[in-house]
There are 2 protein chains.
Amino acid sequence: MALKARALYDFNSENPGEISVKENEIVTLYSEQDIEGWLEGSNSKGERGLFPASYVEILKNDTASTFNNNSTSGSRYANIPTGVTSPGLTALSPPAPAQQQPIYQASQGSDEDWDDDWDDSSTVADEPGVVGVNYQRDFDGNGPSTYRLSTSMSKGSNVQQAKSSATVSRNLNRFSTFVKSGGEAFVLGEAAGFVKDGDKICVVTGQYGPEWQENPYPFACTIDDPTKQTKFKGMKSYIAYKLTPTHTQTQVNRRYKHFDWLYARLVEKFPVISVPHIPEKQATGRFEEDFISKRRKGLIWWMSHMTSHPVLSKCDVFQHFLTCNSTDEKSWKQGKRKAEKDEMVGANFFLTISTPSGPPLDLVEVESKIDGFKAFTKKMDDSVVQVNATTNEFARKQITGFKKEYQKVGQAFKVLGQAFELDQQAYSVGLNQAIAYTGEAYDAIGDYFAEQPRQDVDPLMDLLQLYQGHLANYPDIIHVQKGALTKVKESQKHVEEGKMDAPQADGVNERCNIISFATLAEIQHFHQVRVRDFKAQMQQYLTEQIGFFQKITGKLEEALQKYDNA
Amino acid sequence: MALKARALYDFNSENPGEISVKENEIVTLYSEQDIEGWLEGSNSKGERGLFPASYVEILKNDTASTFNNNSTSGSRYANIPTGVTSPGLTALSPPAPAQQQPIYQASQGSDEDWDDDWDDSSTVADEPGVVGVNYQRDFDGNGPSTYRLSTSMSKGSNVQQAKSSATVSRNLNRFSTFVKSGGEAFVLGEAAGFVKDGDKICVVTGQYGPEWQENPYPFACTIDDPTKQTKFKGMKSYIAYKLTPTHTQTQVNRRYKHFDWLYARLVEKFPVISVPHIPEKQATGRFEEDFISKRRKGLIWWMSHMTSHPVLSKCDVFQHFLTCNSTDEKSWKQGKRKAEKDEMVGANFFLTISTPSGPPLDLVEVESKIDGFKAFTKKMDDSVVQVNATTNEFARKQITGFKKEYQKVGQAFKVLGQAFELDQQAYSVGLNQAIAYTGEAYDAIGDYFAEQPRQDVDPLMDLLQLYQGHLANYPDIIHVQKGALTKVKESQKHVEEGKMDAPQADGVNERCNIISFATLAEIQHFHQVRVRDFKAQMQQYLTEQIGFFQKITGKLEEALQKYDNA
């Protein structure tokens with residue numbers, strides 16, 4: 001049987017050799033192996049060519065060892081297929097051992113592993129063109145350019161990369177997210193655990209609907225001076241970041257692997273909370289200044305999202321991470337072990353949620369809100385991809401073309417000045433100098449253009465990257481909520497058919513209500529943080545741009561003044 | 001015998017298909033017919049290919065009807081060959097009837113011709129790629145672009161065009177310029193005429209050496225509102241420019257053909273004065289607004305150079321042109337006939353020059369000054385070509401690439417704003433509007449970039465074009481001066497050889513001295529006007545650029561303010 005794949009999104013070919021595919025279209029693959037992120041195959045029209053690997057999911061109906069429930073729900077934002085009629089309240093997908101595995105296996109090390117050399121380079125290998133904003137050197141090797149050239153190939157992989165970041169984490173078996181997250185078990189009443197008072201997570205009804213109860217003790221955390229440290233008598237090197245939370249004012253040192261470990265705990269623990277992605281791993285250049293500076297910026301963004309989240313900021317594992325003395329190996333390990341043995345994860349997380357008193361949420365209204373948010377994230381994701389690609393290209397143009405044009409003008413003026421210098425009569429000396437200065441001014445302006453993206457485009461792209469991570473989280477969160485809603489509908493049907501008694505169905509209802517409250521609270525939080533972040537970033541971007549053009553104006557005014565006495 | 005040509009300048013091939021030639025190198029032509037300004041042939045290395053037609057002069061030694069004195073003086077800045085030994089003081093080149101013809105035959109019409117339809121379209125056909133700054137539409141047909149695309153061909157023809165403008169007027173028989181201009185006849189004492197007091201042209205010794213005596217009654221002249229007028233009951237249309245000289249304050253209407261006629265008179269009359277070129281003729285689109293506006297700007301520059309020239313500004317034919325009532329057909333024709341019969345032209349012009357009292361100029365010093373100026377004009381010509389090409393390309397980039405990049409950024413922000421608008425909660429409305437406005441701001445900035453070259457690059461290029469005209473005049477002027485110097489050297493030799501008596505040689509000396517004074521005065525005037533013009537133009541350019549970047553800053557500040565209440 002030929003290897004098939006289903007298109008997850010529309011892809012419009014833009015270059016020779018590419019073929020267009022429509023969402024849900026079945027394509028035939030020539031090989032499962034992608035070439036720099038592209039697969040070769042033929043679409044339903046019989047056209048042969050390349051398309052981005054991340055735009056399709058490979059269908060493996062013929063292999064017994066994989067799950068086949070992908071075959072009917074290909075779209076990223078797909079609902080649970082309504083055609084599935086499940087006898088009774090069995091799980092929508094057959095449970096398989098692999099599904100119980102946490103997603104971030106690499107970071108679930110034992111204490112022994114912990115001390116091993118599992119720094120970022122040894123855990124997950126870099127996939128070029130797939131992970132994050134994968135800055136490349138200018139192909140021309142010109143200067144300090146870090147922006148991708150817009151060849152047809154990189155343009156394609158640009159889109160692909162942004163898209164893929166939204167599917168990278170849990171798309172292996174999307175349909176089972178509801179199961180994996182524990183959502184299904186919870187709704188079915190299978191979750192059980194002792195909830196301590198300190199574990200309670202409150203959803204309250206705010207001005208705009210359900211929201212997380214604010215952290216009564218808000219705090220922030222600075223990340224300073226990453227330094228290279230060694231252990232084992234210099235045999236091993238690593239970068240340590242200095243974290244200082246405002247609520248303790250005590251500095252702790254943390255390595256990237258600590259962030260990575262924490263991230264894995266959080267993802268495991270909170271099924272309907274969008275845990276911000278940590279900066280990408282990178283195999284090479286770990287100790288290069290540019291990389292360290294970039295990672296630090298990414299970690300600062302990450303920390304800002306962590307500390308401003310009412311639930312994440314308060315949770316034990318994060319507090320342990322922020323406050324445990326870095327040199328107190330013993331208490332660190334204690335906290336680590338405690339976090340890894342935390343029972344209030346997945347399905348049990350929902351047990352810790354307390355909803356506002358009053359009537360349950362209206363299911364139709366919830367569904368409409370969720371659908372609205374789904375549409376929002378899809379559109380936002382598309383626009384973030386576009387802003388990302390555009391500003392990336394804009395930065396590249398400033399570093400290459402814009403710089404070159406201004407410096408060519410500078411050079412031409414310099415040559416004119418040099419020609420004029422052949423005439424050294426007193427009355428022409430001033431003009432000659434002024435023209436020479438004008439040439440230098442345009443040369444400097446060329447450099448301004450090349451230096452500017454670091455000030456404005458880079459921070460904007462850092463923000464976009466963080467949000468691409470969030471947007472990648474939401475399909476799964478929505479999926480959990482949708483799964484719960486489907487369970488409610490099924491239970492109602494089963495009651496009508498006499499297959500379920502009413503109290504049991506009420507329980508399903510109540511538990512679905514909890515998931516709905518949590519999901520809506522999380523969505524509300526997302527919107528508030530989004531507005532805060534984008535406002536601040538756009539202000540910063542514009543302020544930088546204004547400063548940039550003022551700097552140019554200042555330089556030109558200097559040049560103009562040289563003519564006053566010419 | 002194969003068709004040969006001599007290279008007038010070095011040409012370095014920059015593109016496949018072109019061949020390099022060295023100054024004075026003899027090349028073999030495959031055809032005398034140029035292809036868009038390029039000739040095909042082979043150089044002395046045997047390489048086959050193209051080179052600019054204007055870089056070579058075709059040698060026609062085998063045709064009896066043409067002059068063969070080209071064959072030894074190929075360079076643009078060539079001295080008279082010292083190898084020529086002339087028995088006695090015969091002319092260096094055999095007199096031929098054709099040499100006595102004025103250079104601008106087309107404009108030397110009879111009164112009958114004058115009334116005929118010899119508007120600019122009917123006199124000299126446009127040579128594409130050869131005359132002036134031949135703006136072309138953007139090949140893409142995008143918007144109002146008037147700047148040339150930088151293809152290898154147009155780059156080539158760019159250089160060629162600028163170069164050719166320096167050879168276009170009198171390069172048919174360069175060596176005979178000395179003869180044609182009347183310089184030789186004058187030096188040999190063959191010029192004779194009655195010089196009225198009013199015709200006297202004084203060279204004085206100023207701070208920097210010989211200079212033209214200033215016009216005691218300086219004036220300027222505005223050129224306003226070109227209007228389309230008709231005659232013969234609407235059968236013929238033409239554009240009339242309204243000229244108002246400040247010394248009469250009386251408006252006269254003049255057509256392009258009047259400028260053209262005047263220009264021909266001036267060139268004929270003044271052998272060592274650089275008459276500014278009038279804007280190029282154009283066969284099509286004579287009534288298009290852009291063309292009329294551009295021609296008017298060219299005429300304004302021309303007028304500025306005319307009125308600020310101490311000799312040109314005062315001369316009768318120019319005054320007649322400026323002051324004769326446009327409706328008084330009779331007195332116009334009288335003045336016209338008088339100018340065409342003016343005897344004080346060419347050789348006789350030198351009779352009108354009065355030099356400062358005191359010792360004659362030191363010949364060695366004069367020669368050194370002239371050589372210095374020759375080097376200056378060559379370098380200035382090269383740099384003007386470069387500034388012209390660079391700013392032309394800069395303008396094109398702003399109209400196409402820069403505009404596109406800023407508008408793509410604007411579009412990306414707009415798309416982001418539209419995505420955010422899906423979330424219409426109260427706290428996000430302000431941000432959504434601010435982002436939408438930011439998108440519009442970048443869109444507007446894109447338009448600013450596209451509109452800017454009209455404000456700064458265009459006027460700069462107008463100035464450069466005028467100076468390209470002057471630089472094209474100087475080789476001939478230098479040639480006249482060099483010819484006179486050579487005559488002096490020859491006469492000294494002849495005296496030594498007993499072939500000439502001392503008083504005769506003294507006469508040659510004295511007359512050469514007059515030409516030297518005039519030439520140095522003209523060079524001094526050129527430098528002064530050049531410094532004035534380039535200072536003013538660079539100031540205008542920078543002021544416009546500053547205003548441009550301030551406008552961008554202002555737009556971005558508006559956008560930034562929108563976030564204040566977001």
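How many residues of chain B are in contact with chain A? I counted 63 residues of chain B in contact with 63 residues of chain A, where contact means heavy atoms within 4.5 Å.

**Ground rules.** I am working on a predicted model, in which local features need pLDDT of at least 70 and side-chain atom pairs count only at pLDDT 80 or more, while totals for chains, interfaces and linings use all residues. Residues are numbered from 1 along each chain as its sequence is written, chains are lettered from A and ligands numbered from 1 in the order written, and side-chain values use heavy atoms, without hydrogens or water.

**Interface of chains A and B.** I looked up the buried area next. About 6,100 Å² is buried between chain B and chain A (accessible area, 1.4 Å probe, that two parts lose on being put together, summed over both). Carbon and sulfur atoms give 75% of that area. On the chain B side, Tyr427(B), Leu542(B) and Phe549(B) lose the most area to chain A. Together they make up 10% of what that side buries.

Then I checked the charges. Four salt bridges cross the interface (a side-chain nitrogen of Lys or Arg within 4 Å of a carboxyl oxygen of Asp or Glu). I also noted the salt bridge between Lys397(B) and Glu405(A), at 2.7 Å from N to O.

Which elements of chain B give two or more residues to the side that touches chain A? I found helix 11 (363–421), helix 12 (426–455) and helix 14 (502–561). Helices here are DSSP runs of H or I with at least four residues, strands are E runs of at least two, and both are numbered from the N terminus. Helix 11 of chain B gives the most, with 25 residues.

**A sheet in chain A.** I moved on to an open sheet of three strands, ordered 8-9-10, with antiparallel pairing (two strands pair if DSSP finds at least two bridges between them). Strand 8 (221–231) and strand 10 (252–255) of chain A each have a single partner strand, so one side of each lacks a neighbour in the sheet. Strand 8 and strand 9 (residues 236–245) of chain A pair over nine bridges. I traced one partner: Lys231(A) bridges to Lys236(A) in strand 9.

What packs on the sheet, touching strands 8, 9 and 10 of chain A? Helix 6 (residues 256–269) of chain A does, its direction making about 80 degrees with that of strand 10. Such angles run from 0 to 180 degrees between N-to-C directions, with axes fitted to C-alpha atoms, for helices over the stretch in contact. Helix 8 (residues 316–323) of chain A also touches strand 8, strand 9 and strand 10, at about 115 degrees to strand 10.
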